[in-house]
4 protein chains.
Amino acid sequence: MTNPSAVLHEINDLRIEDRPVPEPGLGQVQVAVQAVGVCGSDIHYYRHGRINDMIVTAPMVLGHEAAGTITAVGAGVDEGRLGELVALEPGLPCRHCDQCREGRYNLCPDVRFFATPPIDGAFARYVVTDADFAFTAPEGLDAVHASMAEPVSVGVWASLKGAVGPGRRVLVLGAGPIGLICAQVARAYGALSVDVTDLSSDRLAVAAELGLGTLSADSALSHEVDALIECTGSAAALAHAFPSVARAGRVVLVGMGADTVELDLGLLQSREIWVTGTFRYANTYPTALDLIASHRIDLDPILTGKFPLAESERALLAGDEDPHALKSIVLPWA
Amino acid sequence: MTNPSAVLHEINDLRIEDRPVPEPGLGQVQVAVQAVGVCGSDIHYYRHGRINDMIVTAPMVLGHEAAGTITAVGAGVDEGRLGELVALEPGLPCRHCDQCREGRYNLCPDVRFFATPPIDGAFARYVVTDADFAFTAPEGLDAVHASMAEPVSVGVWASLKGAVGPGRRVLVLGAGPIGLICAQVARAYGALSVDVTDLSSDRLAVAAELGLGTLSADSALSHEVDALIECTGSAAALAHAFPSVARAGRVVLVGMGADTVELDLGLLQSREIWVTGTFRYANTYPTALDLIASHRIDLDPILTGKFPLAESERALLAGDEDPHALKSIVLPWA
Amino acid sequence: MTNPSAVLHEINDLRIEDRPVPEPGLGQVQVAVQAVGVCGSDIHYYRHGRINDMIVTAPMVLGHEAAGTITAVGAGVDEGRLGELVALEPGLPCRHCDQCREGRYNLCPDVRFFATPPIDGAFARYVVTDADFAFTAPEGLDAVHASMAEPVSVGVWASLKGAVGPGRRVLVLGAGPIGLICAQVARAYGALSVDVTDLSSDRLAVAAELGLGTLSADSALSHEVDALIECTGSAAALAHAFPSVARAGRVVLVGMGADTVELDLGLLQSREIWVTGTFRYANTYPTALDLIASHRIDLDPILTGKFPLAESERALLAGDEDPHALKSIVLPWA
Amino acid sequence: MTNPSAVLHEINDLRIEDRPVPEPGLGQVQVAVQAVGVCGSDIHYYRHGRINDMIVTAPMVLGHEAAGTITAVGAGVDEGRLGELVALEPGLPCRHCDQCREGRYNLCPDVRFFATPPIDGAFARYVVTDADFAFTAPEGLDAVHASMAEPVSVGVWASLKGAVGPGRRVLVLGAGPIGLICAQVARAYGALSVDVTDLSSDRLAVAAELGLGTLSADSALSHEVDALIECTGSAAALAHAFPSVARAGRVVLVGMGADTVELDLGLLQSREIWVTGTFRYANTYPTALDLIASHRIDLDPILTGKFPLAESERALLAGDEDPHALKSIVLPWA
């Protein structure tokens with residue numbers, strides 16, 4: 001096969017198929033994908049065939065947390081980039097709408113995002129993407145760590161929305177991969193304190209290993225927080241933590257799952273709390289790569305499994321086999 | 001009587017009583033109150049004896065939207081201010097806590113606010129307050145209009161929180177006094193468009209008279225809005241309007257009443273909408289006074305009744321007598 | 001001639017020549033230019049052949065303040081736009097660099113800007129541009145007024161940089177076309193006060209006619225200002241006005257001409273004044289068009305001359321003939 | 001002596017004199033001063049008797065970087081604070097002016113600042129100050145390190161003004177005590193890179209020891225910077241570094257000395273650079289104390305001398321004896 005790819009056909013039906021090797025067009029690069037992280041959204045498409053109104057109606061390659069090596073460049077791209085290790089920002093915006101022109105390209109209604117129907121993802125040997133969305137990895141980074149610029153970008157975006165910085169106290173709900181990354185990013189942003197809650201003591205143990213403060217999910221927080229970063233998608237978790245938010249504090253809703261969010265209006269008003277949700281990220285990749293390369297984000301306790309492309313299905317299901325599994329990586333060339 | 005005052009004793013029990021004339025202390029001024037607006041909160045205390053956890057447990061003078069003339073100054077205050085017409089910002093913060101030092105004094109936990117238990121209000125001939133919270137009215141303003149710097153401040157705060165300005169489309173829910181003021185303030189901030197909704201066609205007619213766009217409450221908005229200013233306190237109104245909020249838009253919850261607010265999480269996230277509530281205002285009085293004095297806020301269609309102090313109870317109940325009543329003014333010296 | 005154009009060959013050598021009618025490419029529109037404003041930069045290129053390091057080394061069409069009618073659309077553009085009156089934002093950014101992705105496309109190092117060497121401008125019957133940089137004029141606007149979205153954008157950008165809004169006092173240095181526009185935009189942004197200074201009493205008379213505060217250039221300002229918008233390019237004017245800037249105030253340098261700007265360091269520090277310069281604008285066209293269409297910017301006293309394309313040279317030199325001339329408009333189809 | 005104090009009488013005339021022990025008034029605390037840093041401004045008053053228009057016209061105690069133990073509390077202050085180690089923010093604002101109410105209390109025109117004429121400073125065994133400007137030191141901090149919350153606050157303010165954070169490249173001019181602190185604070189704020197320049201290779205060696213990037217003052221910076229923090233007061237240093245500032249970058253002028261600052265207008269405009277100066281700081285002490293206590297700021301290479309109160313003059317002159325001296329500490333009880 002020239003470009004073996006892991007293609008979702010139906011619910012619970014992932015097949016390794018050959019696809020043509022894509023050629024880079026104007027301003028594009030062709031990348032030999034070396035590592036792709038498995039995200040909860042990949043698992044969700046595999047199991048449910050949809051996420052909200054994004055429905056898989058035709059076979060689609062999964063995977064959007066990718067890094068690899070530039071193997072060809074299209075017209076207008078510096079040939080000196082051949083051979084570069086790059087992290088691939090997975091969403092290509094239209095560059096022409098109001099959101100794009102104002103720098104909020106993550107909100108572009110016409111964004112084409114890896115492994116979001118009908119766009120194919122990166123569980124494949126080769127992909128093409130726009131050259132400016134293929135970010136050169138800093139020296140010393142390998143492809144597995146570079147691929148994590150995607151979830152780390154989610155964390156960077158959460159810290160930016162939460163105005164995290166020195167002097168600010170942060171509480172992260174959820175010690176899954178995104179929660180553990182958001183918490184570490186908040187620390188890298190200089191937060192005064194970062195605590196993580198989870199129902200699972202195993203996951204809290206990972207948080208503790210990473211040097212983060214931990215709190216069992218049902219305990220009361222001993223102090224107020226300036227930023228609450230919600231990474232569970234659980235309405236109950238949010239409701240429990242909301243009274244801990246300080247005056248002028250911020251609540252950033254990263255976790256998906258609930259249909260609605262219910263907030264205590266009296267608290268929201270009397271403390272003038274700001275609440276928002278995040279949708280991916282914009283302009284975060286260079287920062288995310290630097291945080292990883294400078295070891296301010298420790299990914300190793302989170303990276304719990306590596307799988308060749310042929311075993312992509314096992315990578316998606318790693319959590320079923322091992323409850324301690326956090327983040328699986330697919331290696332298309334292994 | 002030297003200082004007749006309208007004192008709430010029990011639910012539905014408002015009495016005109018004499019109180020001692022207060023003397024100004026260090027840094028304070030004594031003000032002969034010329035006009036005081038009736039706010040929904042005054043009516044609520046009168047009818048229910050409480051607002052949330054703020055409970056009237058001892059007789060309390062009502063009224064917090066006041067303007068009047070400086071009749072005496074305490075130590076440290078410029079005697080040149082004697083005779084000045086001033087608008088009184090009703091909440092005196094502690095000036096020492098974190099919130100005060102950071103300029104968010106409206107969030108001071110120890111603020112003393114007129115007619116919020118146990119602090120007496122301004123339905124009285126004389127009050128004292130801190131000199132720097134008695135703002136000199138611009139030339140040409142009378143006491144009735146100067147007293148409206150309080151509700152106009154609510155509108156200024158809403159526009160600030162909503163990032164209202166040229167190019168921004170605004171929707172205001174509710175055409176009561178606060179809604180009509182918020183909408184006019186948004187226009188004064190330069191908004192591209194300002195529309196107001198209400199269930200009452202009478203109130204919408206006032207909005208139209210003020211030159212504002214109007215929309216019946218059950219109709220769909222024809223365009224997206226960048227700022228949604230909620231002034232009804234109705235969860236249903238908010239839920240109906242929320243899908244109109246544009247990407248990166250802001251929702252400002254001014255209206256009280258509901259215990260909780262429920263938001264569509266998918267919209268909140270996919271559009272990265274910001275939601276907050278307002279609690280009074282800070283540093284708005286000079287701006288509010290200027291907006292009134294320069295006729296950018298037209299209060300006349302809103303000022304629907306004037307009452308002498310002896311008829312304060314009628315002022316509170318004006319809405320029962322006349323469904324068109326919007327804002328009553330108590331004139332302590334009339 | 002199919003596309004008569006006013007081409008600058010050498011200093012003081014402007015020729016009307018025929019150029020091919022440009023065809024719109026992918027995502028582009030062809031526009032029949034109906035009106036183009038003459039900017040100081042056009043005059044400067046005509047007289048000096050350069051502005052700083054931007055040097056005219058080959059014949060170049062002048063003009064960048066353009067509006068016209070869409071006469072053809074390229075692939076991917078809605079045909080419904082044919083016939084639309086549009087204002088043309090003159091700088092097309094690369095859309096791929098850091099500045100573009102972050103929404104600061106005016107700082108794109110590869111921007112292609114009308115009438116900035118080597119890019120041809122819009123003193124011509126036909127131009128093509130990207131569809132999303134051709135902004136639909138609001139109903140009721142004619143081409144002459146729509147073309148003024150360009151200088152009005154300069155004013156919008158200045159007000160944004162200066163954080164102009166209600167409660168803020170503004171001083172504009174210079175009552176030329178840009179100063180008069182900046183001042184009116186500041187007023188539309190809700191400024192508490194807007195004063196304009198100029199050496200010329202004629203120009204101040206225009207400011208007064210527009211309802212702006214005026215101040216002779218050598219007089220002292222009676223009050224502090226929160227935003228100082230410099231539109232003269234004169235170092236002396238700035239030095240004279242700088243001590244009027246209030247604590248935490250902002251200075252926005254719009255005017256060009258001086259090589260360096262010298263600031264009193266003690267004032268800059270003890271008042272924590274912010275100083276910046278503007279370079280064109282970004283994301284301002286819809287707002288600028290709305291400000292013009294809603295008559296919040298009165299352009300008529302500024303529009304002092306209209307010339308057919310054949311008299312473009314006279315349009316450039318209008319100020320020599322008439323010291324009262326402010327802004328000339330070239331009409332390519334007249 | 002009950003309250004020996006180091007009093008500046010004339011230029012070069014510092015005397016140890018007894019002063020009455022001050023008693024705390026309402027809302028105040030009495031503090032036994034354990035450590036006071038020597039600042040360049042103390043040395044400047046000693047040598048020149050003035051800084052700009054702040055002139056020593058009567059004997060004045062020097063010193064404003066103080067920490068100590070609460071020995072008495074005034075009315076309204078929690079007695080539980082007795083015995084607390086506190087860092088003293090040296091400027092008490094009026095709390096009533098516009099600047100104070102808006103949270104910019106460092107710009108209060110009536111601030112009373114330790115050792116700024118005519119206010120006495122803290123080279124003394126006892127001082128009183130307002131309770132809310134005496135910040136509880138985190139556990140584990142000693143008085144010497146707590147006193148450094150003052151210069152660290154200067155650094156925090158510079159990073160805030162410079163919008164320093166992850167992804168931002170920082171250049172600090174000057175490797176004196178303030179430069180070394182500003183650079184470390186920028187790192188704690190998560191900066192992508194922090195480089196320091198100085199004419200002195202000795203000082204650069206200290207910077208290198210602290211793990212900071214170093215650059216000889218005459219070399220060219222290899223990359224652009226997003227924040228330039230000027231700590232030398234040298235116009236030449238600023239002029240040399242200014243072309244390194246990136247588009248939309250910020251220049252923060254901390255160093256004093258020059259009368260004026262001259263900036264390249266073309267660069268300021270074409271890159272839309274923001275320039276400001278800092279005047280002390282506001283709301284920084286808790287953050288500064290946390291940065292010290294968590295060892296994100298290493299002060300030990302900077303703390304080069306400790307002196308008993310009796311040798312305050314030697315502390316001021318330490319730099320004359322030893323060119324490697326950076327920061328001297330006076331210990332009033334040693």
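1. The model is a predicted one, in which local features need pLDDT of at least 70 and side-chain atom pairs count only at pLDDT 80 or more, while totals for chains, interfaces and linings use all residues. Residues are numbered from 1 along each chain as its sequence is written, chains are lettered from A and ligands numbered from 1 in the order in which they are written, and side-chain values use heavy atoms, with hydrogens and water left out.

2. Eleven residues from chain D and eleven residues from chain A take part in their contact (heavy atoms within 4.5 Å). Between these chains the count is zero salt bridges (a side-chain nitrogen of Lys or Arg within 4 Å of a carboxyl oxygen of Asp or Glu). Two residue pairs, both at pLDDT 80 or more, are in polar contact (a pair of N or O atoms within 3.5 Å; within protein, one must be able to donate a hydrogen and the other to accept it, and residues adjacent in sequence count only if both atoms are side-chain atoms). Helix H9 (residues 285-293) of chain D gives the most to the side of chain D that touches chain A, with three residues (helices, H or I, have at least four residues and strands, E, at least two, as DSSP runs numbered from the N terminus).

3. Chain B and chain A bury about 3000 Å² between them, with 57% of it on carbon and sulfur atoms. In chain B, the residues losing the most area to chain A are B:Gln269, B:Glu272 and B:Trp274, together 25% of what that side buries. The contact draws on 35 residues from chain B and 35 residues from chain A.

4. Across the interface of chain B and chain A the rule finds two salt bridges; B:Glu272 forms a salt bridge with A:Lys161, where the closest N and O atoms are 3.0 Å apart. The rule also finds 24 residue pairs in polar contact across this interface, both residues being at pLDDT 80 or more.

5. Strand S18 (residues 260-264) of chain A is joined by five bridges to S18(B), and the two run antiparallel (strands pair if DSSP finds at least two bridges between them). The bridge partner of A:Asp264 in S18(B) is B:Thr260.

Terms used. Buried area = accessible area lost by both parts, 1.4 Å probe.
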